[in-house]
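Please look through the sequence and the structure below before reading the report.

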Amino acid sequence: MNRTLRALLPTLSDLIVPTVVYYLLHWLGVADVPALITACAATAGYTVPRMIRGRRVDALGLLVIAELAATAALLAVSGDARLALLRPTVYLTVAAAVFLLSCWRGRPLTYTGATPMATKGDPERAAAYERSWRNSPQMRATHRRLTAASATAMLGYAMLNVVIVYSFPVSQADGLQKVPGIALILAIAVMLRSRVPRLSRIVDAEQQRSTDAHQLSTAART
């Protein structure tokens, strides 16, 4: 579980940093719109160096930057802070649709998310994990259920976010909407982690079948 939490720290930081910056500026008397724009810029200032240090393009980081840039532009044009606070509703609805689509087209997105936990960085287990997708109906069903459950949780948060944004003042809504957001991330992580033992057993069985087949082949040749 510690490994999972370490992997989620960048995402959690992307949620926490703008909230802290916004409330600090709000406490100093800065208006909602410029405070939110500054909070967006602060998060981008944290995300970009993270990608530079990692020497790789982080798809999640790019998504965060694009989302923050769109938020800043929306705030600058409309001046309506509530519209900016609805951004999680928009991209989570889109993300949920992509998750659901992946259940029927290609591979469910949780397949990739669970790979490090199920394979533990072992190339042989990674190969067995790949074969398991092709050979194990249980593997495919597990990932489809996980992905559908994740999409349902995303849609639930998207709807809850609309209620929060229009039920509380902007200064309260900005912080309150982060609580279910963090809960959503942790819930998905827990769901993934709870299925790792089952996935690991499937991979173990696939590895054993491969080993047995190799031994039989070797014995036949000798």
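**Overall fold**

The model is predicted. The protein contains 10 helices and 0 strands. Read along the sequence, the pattern is α-α-α-α-α-α-α-α-α-α. Of the 222 residues in the protein, 38% are buried. Among contacts with a separation of 6 or more, 72% are between residues 24 or more positions apart.

**Helix α5 against helix α8**

Helix α5 covers residues 87-102 and helix α8 covers residues 137-167. The two pack at an angle of about 160 degrees, and their axes are 8 Å apart. Because angles over 145 degrees count as roughly antiparallel, α5 is roughly antiparallel to α8. The crossing of α5 and α8 is left-handed.

On the α5 side, the contact is made by Pro88, Thr89, Leu92, Thr93, Ala95, Ala96, Phe99, Leu100 and Ser102. On the α8 side, the contact residues are Thr147, Ala148, Ser150, Ala151, Met154, Leu155, Tyr157, Ala158, Asn161 and Val162. The residues of this contact of α5 with α8 divide into 13 nonpolar, 6 polar and no charged.

**Helix α6 against helix α8**

Helix α8 also packs with helix α6, which covers residues 109-119. How are α6 and α8 placed relative to each other? Their axes come within 8 Å and cross at roughly 105 degrees. Angles from 65 to 115 degrees count as roughly perpendicular, and α6 and α8 are therefore roughly perpendicular to each other.

From α6, the contact is made by Leu109, Thr110, Tyr111 and Ala114. From α8, His143, Leu146, Thr147 and Ser150 take part. The residues of the contact of α6 with α8 divide into 4 nonpolar, 4 polar and no charged. Thr147 and Ser150 of α8 are also among the residues in the contact with α5.

| Residue | Relative accessibility | Class |
|---|---|---|
| Arg125 | 10% | buried |
| Ser132 | 0% | buried |
| Arg144 | 33% | partly exposed |

Arg125 lies in helix α7, which covers residues 123-135. Is Arg125 buried or exposed? Arg125 counts as buried because its relative accessibility is 10%, and the cut-off for buried is under 20%. The side chains of Arg125 and Gln207 are joined by a polar contact of 3.1 Å. Not counting residues up to four places away in sequence, Arg125 touches Ala118, Thr119, Ser200, Val203, Asp204 and Gln207.

Ser132 is also placed in helix α7. With a relative accessible area of 0%, Ser132 is buried. Which residues does Ser132 touch, not counting those up to four places away in sequence? They are Met139, Ile202, Val203 and Glu206. Val203 is also one of the residues that Arg125 touches.

Arg144 lies in helix α8. Leaving aside neighbours within four places in sequence, Arg144 is in contact with Cys103, Pro108 and Trp133. Arg144 and Tyr111 are 33 residues apart in sequence, and their C-alpha atoms are 8.7 Å apart in space. Tyr111 is one of the α6 residues in the contact with α8.

Technical notes:
Residues are numbered from 1 along each chain as its sequence is written. This is a predicted model: local features need pLDDT of at least 70, side-chain atom pairs count only at pLDDT 80 or more; totals for chains, interfaces and linings use all residues. Side-chain values use heavy atoms; hydrogens and water are left out. Helices (H or I, at least four residues) and strands (E, at least two) are DSSP runs, numbered from the N terminus. Buried means under 20% relative accessible area, exposed over 50%, partly exposed in between (1.4 Å probe, protein chains only). A polar contact is a pair of N or O atoms within 3.5 Å; within protein, one must be able to donate a hydrogen and the other to accept it, and residues adjacent in sequence count only if both atoms are side-chain atoms. Contact means heavy atoms within 4.5 Å. Axes are lines fitted to C-alpha atoms, for helices over the stretch in contact, and angles run from 0 to 180 degrees between N-to-C directions. Angles under 35 degrees count as roughly parallel, over 145 as roughly antiparallel, 65 to 115 as roughly perpendicular and the rest as oblique. A crossing is left-handed if the near helix is turned anticlockwise from the far one by less than a right angle, and right-handed if clockwise. Ala, Val, Leu, Ile, Met, Phe, Trp, Tyr, Cys and Pro count as nonpolar, Asp, Glu, Lys and Arg as charged, and the others, Gly among them, as polar.
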